[in-house]
Amino acid sequence: MIKSEKPTIFRAERSPLKVTLLVFSGSSIMCVASAVDPLRAANRISGETLFDFKLVSVTGEAPVTTCGLPVAVSGRFDAAEPTDVLVVVAGFGTQNYATTALLSGLRRAARAARACGGVEAGTWLVARAGLLEGRSATTHWEDMEDFSSAFPGVDVRPDRYVIDGPVFTSGGASPTFDLMLHLIRTRLGMAVALDVASVFIYDQARAATDAQPLVSLGRLDGYDPRLAQAIRLMESHVDQPLTIEAIAKRAGVTARTLESIFRRSIGETPGAYYLRLRLGAARRLVVDTRVAMADIAGRTGFSSAAAFSRAFSRAFGEAPVRLRQG
């Protein structure tokens with residue numbers, strides 16, 4: 001990190017991160033969703049607004065994505081409005097948006113923010129604003145040759161996503177999801193990132209430096225097949241929890257080895273992760289349904305409603321009944 005640069009956002013930190021996503025017409029709806037939905041899921045899983053995000057457009061009107069669906073925004077882009085992170089999401093037609101006023105606004109907002117980045121063709125606008133000069137970056141693989149010619153001062157790489165100091169870029173929808181999982185993992189831990197991935201039944205999260213065209217082989221950073229097997233067993237036995245010894249035996253390891261795998265990969269014991277998994281399932285039932293608390297306790301493996309309420313209160317800071325009422 002250059003001395004004058006601000007500390008990276010990709011580090012362990014639970015303070016809320018204010019994220020502004022500037023979306024342009026011609027963007028892919030999948031790129032928009034990949035940038036936003038992992039953050040939304042992380043907030044829901046953590047029970048806190050750790051990613052305070054909003055979507056804006058240049059005009060304040062809803063940008064229309066390539067599939068014809070408009071994206072609701074909260075207003076127009078204001079370069080003077082404070083934000084921690086500015087994310088530029090663009091697709092076709094970026095050359096039409098690169099006005100002097102917009103590029104000046106991007107530079108102003110980026111200087112004040114802790115980080116800024118481009119998603120797919122958003123990289124072109126970030127580069128035209130001069131924010132990638134002397135840095136490494138990527139863009140969609142179809143545009144890589146043209147991008148390299150247009151910006152000779154940028155070290156263009158065929159990676160899925162690139163983080164260079166306070167600037168990040170991604171090559172498309174799937175790499176953007178990987179990037180957001182990486183942000184969640186570095187800030188909130190592997191366990192939360194796994195929970196977010198499971199919400200979307202998403203097994204990818206390839207390394208940032210993997211080439212863009214490669215098909216997902218379904219692995220997480222730090223992936224261990226024994227870890228995946230253990231987690232799948234936990235997920236399929238929420239209502240009648242298995243002992244850690246039984247899980248370890250089915251995974252072909254000792255309980256001690258399984259604990260070592262979990263501590264190394266996730267940062268907590270198998271028992272702690274299993275309990276969080278069950279309580280996460282319980283929280284969804286409390287918030288999203290009208291199922292009776294005693295039934296929720298039974299569905300998530302607790303011996304009684306009282307035991308469930310105590311564990312829930314310790315995990316989330318309030319009793320399940322109060323959470324549902326609030």
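Contact here means heavy atoms within 4.5 Å, and helices (H or I, at least four residues) and strands (E, at least two) are DSSP runs numbered from the N terminus. This is a predicted model, in which local features need pLDDT of at least 70, side-chain atom pairs count only at pLDDT 80 or more, and totals for chains, interfaces and linings use all residues. Residues are numbered from 1 along each chain as its sequence is written, and side-chain values use heavy atoms, with hydrogens and water left out.

The buried residues of helix 2 pack against strand 1, strand 3, strand 4 and helix 3 (122–128). Buried means under 20% relative accessible area, exposed over 50%, and partly exposed in between (1.4 Å probe, protein chains only).

| Side of helix 2 | Residues |
|---|---|
| Buried | L102, L103, G105, L106, A109, A110 |
| Exposed, turned away from the buried side | T100, A101, R111, A112 |

Viewed down the axis, the buried residues of helix 2 fall within an arc of 160°, so they line one face of the helix; the arc is taken from the directions between the helix axis and the C-beta atoms.

A nonpolar core is a set of buried Ala, Val, Leu, Ile, Met, Phe, Trp, Tyr and Cys residues joined through side-chain atoms within 4.5 Å. The largest such core has 37 residues, and L21, F51 and I184 have the most contacts inside it. Helix 5 gives the most to this core, with 8 residues. Apart from this core lies another, of 29 residues, including V88, A110, A121 and L125. Beyond its neighbours within four places in sequence, I184 is in contact with P38, L39, A42, F51, G189, V192, A193 and V196.
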